[in-house]
Amino acid sequence: MTARLNRQILAGLLFVSIGAAFLIGSFDLSYGTWRKIGPGAFPALIAVLLIVMGIIVGLSARKSGEDEAPLRLYSSNLPVIIGAIVVFGLVIRGGGLLPAVFCCCLVSSFASRPLRPVKSAIYGLALGAACSLAFVKGLGMPVSIIGPWFGF
Amino acid sequence: MDTLNALLLGFDQAILPTNLFWCLIGTLLGTLVGVLPGLGPAATMAILLPFTIGLEPVTSLIMLAGIYYGAQYGGSTTAILLNLPGEASSVVTAIDGYKMARQGRAGVALATAAIGSFFAGTVATLLLALFAPSLAEVGLLFGPAEYFSLMVLGLIASVVLSRGSLPKALAMVFIGILVGLIGQDVQTAVPRFTLGFEEMSSGVNFVVVAMGLFGIGELIKDLENPESRTAIHAPFFSMIPSREDWRRMVAPILRGTGIGSVLGLLPGGGALLAAFAAYAIEKRVANPPEGFGGGAIEGVAAPESANNAGAQTSFVPLLTLGLPANAVMALMFGALIMQGIAPGPTLISEHPDVFWGVIVSMWVGNLMLLVLNLPLIGIWTRLLTMPFHYLYPAILVFCSIGAFSLSNSVFDLWLLAVFGVAGYIFAKLDCDAAPLVMGLILGPMMEENFRRAMFLARGNPTIFVDRPISAVLLALAVIAVILVALPNIKNVREEAFQE
């Protein structure tokens with residue numbers, strides 16, 4: 001079964017579900033009249049078109065050959081990189097820019113092999129310092145370099 | 001005479017020290033990010049866009065334009081030195097450029113690319129100055145129905161001229177439009193698709209979407225297959241083309257410039273199409289002793305001139321009609337809106353300083369590339385060979401800081417994460433993200449014009465075909481779709497996009 005899941009079918013499914021989600025969402029909105037079109041009508045139209053495209057993409061899958069490379073959707077790097085962004089978001093307000101950059105760097109280093117934690121930490125500190133200098137001091141970004149968590 | 005005065009006004013703007021400074025920074029940063037693996041011009045623009053927002057409108061556009069050609073130039077550099085085209089429009093450059101580099105003529109290839117680009121840029125700038133004002137006058141005749149049809153044509157053309165499957169690209173456009181509609185409805189102030197998040201009522205910022213799709217998505221994918229990047233360590237200092245080289249590059253540069261300037265004007269055109277077409281024509285016309293693919297200087301000069309000319313003239317539909325021709329122009333469009341300037345036919349009369357300043361600074365930016373980047377090639381190549389595990393944390397950090405700084409909101413970082421995952425999945429499923437960004441930018445305007453047109457027509461949808469300009473535009477869009485769907489043309493199109 002999984003062998004049959006090729007890119008076309010998955011893409012088609014994805015399109016249909018995104019279209020369906022927006023279509024359902026548009027039910028809460030007024031469609032208005034032909035003359036005074038409401039906020040829901042245009043999104044609903046586009047969502048229907050998206051669903052149609054999704055079906056076309058999915059159906060065209062059978063015709064295309066099986067010469068594609070096997071599809072591996074999951075990558076261990078995905079959670080690491082996304083995690084690094086989330087950590088940055090969690091730290092930036094309370095911790096400030098320098099710690100946020102440092103943590104973001106450190107987390108993201110788990111995606112590289114071989115793993116060198118000490119080197120990554122030093123790199124993160126240097127990058128954090130450089131960013132603080134350029135963005136906060138240089139461009140006047142309204143964020144503290146070291147935030148309230150550290151008693152500033 | 002008017003044009004001359006206007007150009008002088010532009011010069012006044014372009015040579016202001018602050019503008020010169022940011023133009024320089026833009027070209028340098030653009031080249032820097034452009035040579036980094038996996039990041040093409042669209043990703044480069046998306047990552048660097050937030051840092052231009054604090055500047056004056058003219059200055060920020062000048063910097064963005066600088067980033068754009070810088071990124072283009074960076075793409076050519078990697079194409080020649082590494083056989084890794086940093087962006088699609090340098091794919092053809094890599095064929096002969098890399099061969100030249102292998103033969104120890106990397107310096108000459110890079111110099112040819114730079115000279116061709118500069119010449120093409122100069123010509124395209126002049127064309128832009130001459131023709132943009134009259135096109136803008138045509139644009140002034142457009143009502144909501146015409147605008148709606150124009151956007152339909154623009155979207156369809158950009159999809160038809162892109163690679164990959166047409167239904168997929170159309171689906172991506174529709175997703176883009178839907179994402180673009182998230183937020184408060186302009187007419188009724190009703191929140192749409194916000195899932196109850198207060199932060200989404202002003203819509204999803206396009207920079208975050210573009211950054212997630214192009215930047216983060218690509219980054220995760222690049223981490224999976226770490227390619228070994230070994231730049232050619234040829235003697236770079238033999239950069240000066242010989243008399244023979246000069247003689248051989250003149251005609252290809254002229255042809256490339258001509259082809260690029262015309263193709264750049266088309267909706268959906270731009271640098272990519274220009275480069276492919278120029279290479280194909282050069283193959284028919286020129287007869288280099290090495291043969292094409294064997295390190296012919298013509299194979300570098302023509303596409304590089306063409307892609308730069310195309311890149312430049314693709315500003316024309318953006319600045320005169322408010323129609324972005326490709327994803328990069330769509331980002332420019334978004335940047336203009338963020339600066340409070342509506343791109344469109346009234347731009348020239350309402351903000352002449354912006355319009356002419358940007359046009360002249362394009363030329364200045366090209367000059368800077370020529371003068372500064374050639375000596376800096378050594379630094380760029382060192383960057384090229386820098387291990388990816390040093391680069392990607394920095395890219396990630398820049399994206400995060402950029403997304404956060406857009407409105408000092410942590411919520412934008414969560415959105416960045418979401419669109420990063422989306423970008424990765426789309427890349428895995430062979431769905432090009434560029435049409436999505438086009439839809440994202442054009443979607444809200446399409447809806448707005450659609451509703452206005454319907455209101456003016458008292459609810460009669462035939463207004464879109466009753467008005468002649470609108471009917472022609474829609475007919476062109478339909479013809480484009482039919483042509484691509486026909487089996488014969490489909491094959492030609494697929495062949496054309498194969499290297």
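# Exercises on a predicted two-chain model

Chain A has 152 residues, and 43% of them count as buried (under 20% relative accessible area; over 50% is exposed and anything in between partly exposed, with a 1.4 Å probe and protein chains only). The model is predicted, so local features need pLDDT of at least 70 and side-chain atom pairs count only at pLDDT 80 or more, while totals for chains, interfaces and linings use all residues. Residues are numbered from 1 along each chain as its sequence is written, chains are lettered from A and ligands numbered from 1 in the order in which they are written, and side-chain values use heavy atoms, with hydrogens and water left out.

## Exercise 1: Chain A in outline

**Solution.** 
- Step 1: Write down their order. From the N terminus on, it reads α-α-α-α-α.
- Step 2: Turn to the contacts (heavy atoms within 4.5 Å).

## Exercise 2: Helix H4 of chain A

**Task.** Find the span of H4(A), its buried residues and what covers them.

**Solution.** 
- Step 1: H4(A) covers residues 97-108, which is twelve residues.
- Step 2: Compare the spans. The expected span is 1.5 Å times one less than the number of residues. From first C-alpha to last, H4(A) reaches 16 Å, close to the 16 Å expected.
- Step 3: Pick out the buried residues. They are Leu97(A), Leu98(A), Pro99(A), Ala100(A), Val101(A), Cys104(A), Cys105(A) and Ser108(A).
- Step 4: Look at the cover. It includes helix H3 (77-95) and helix H5 (117-138) of chain A, together with helix H17 (388-407) of chain B.

## Exercise 3: Where the chains meet

**Task.** Describe the interface between chain B and chain A by its residues, area and polar links.

**Solution.** 
- Step 1: Count the residues. On chain B, 65 residues are in contact with 61 residues of chain A.
- Step 2: Give the area. The size of an interface is often given as the accessible area lost when the parts come together. Here the buried area (accessible area lost by the two parts on being put together, summed over both, 1.4 Å probe) is about 5,500 Å², and carbon and sulfur atoms give 80% of it.
- Step 3: Look for salt bridges (a side-chain nitrogen of Lys or Arg within 4 Å of a carboxyl oxygen of Asp or Glu). The count between the chains is one: Asp430(B) and Arg7(A), at 3.4 Å, N to O.
- Step 4: Find the leading element. H17(B) gives the most to the side of chain B that touches chain A, with twelve residues.

## Exercise 4: Salt bridges inside chain B

**Task.** Which parts of chain B does the pair Arg451(B) and Asp185(B) tie together?

**Solution.** 
- Step 1: Start from the total. Over all chains there are eleven salt bridges.
- Step 2: Take the pair. The closest N and O atoms of Arg451(B) and Asp185(B) are 2.9 Å apart.
- Step 3: Place each partner. Arg451(B) lies in helix H19 and Asp185(B) in the loop between strand S1 (183-184) and S2 of chain B, so the pair ties together parts 266 residues apart in sequence.
- Step 4: Check burial. Arg451(B) and Asp185(B) are both buried.
- Step 5: Widen the view. Asp185(B), Arg192(B), Glu447(B) and Arg451(B) are linked in a network of salt bridges.

Key
Helix = DSSP H or I, 4+ residues; strand = E, 2+ residues; numbered from the N terminus. Polar contact = N/O pair within 3.5 Å; in protein donor to acceptor, adjacent residues only side chain to side chain.
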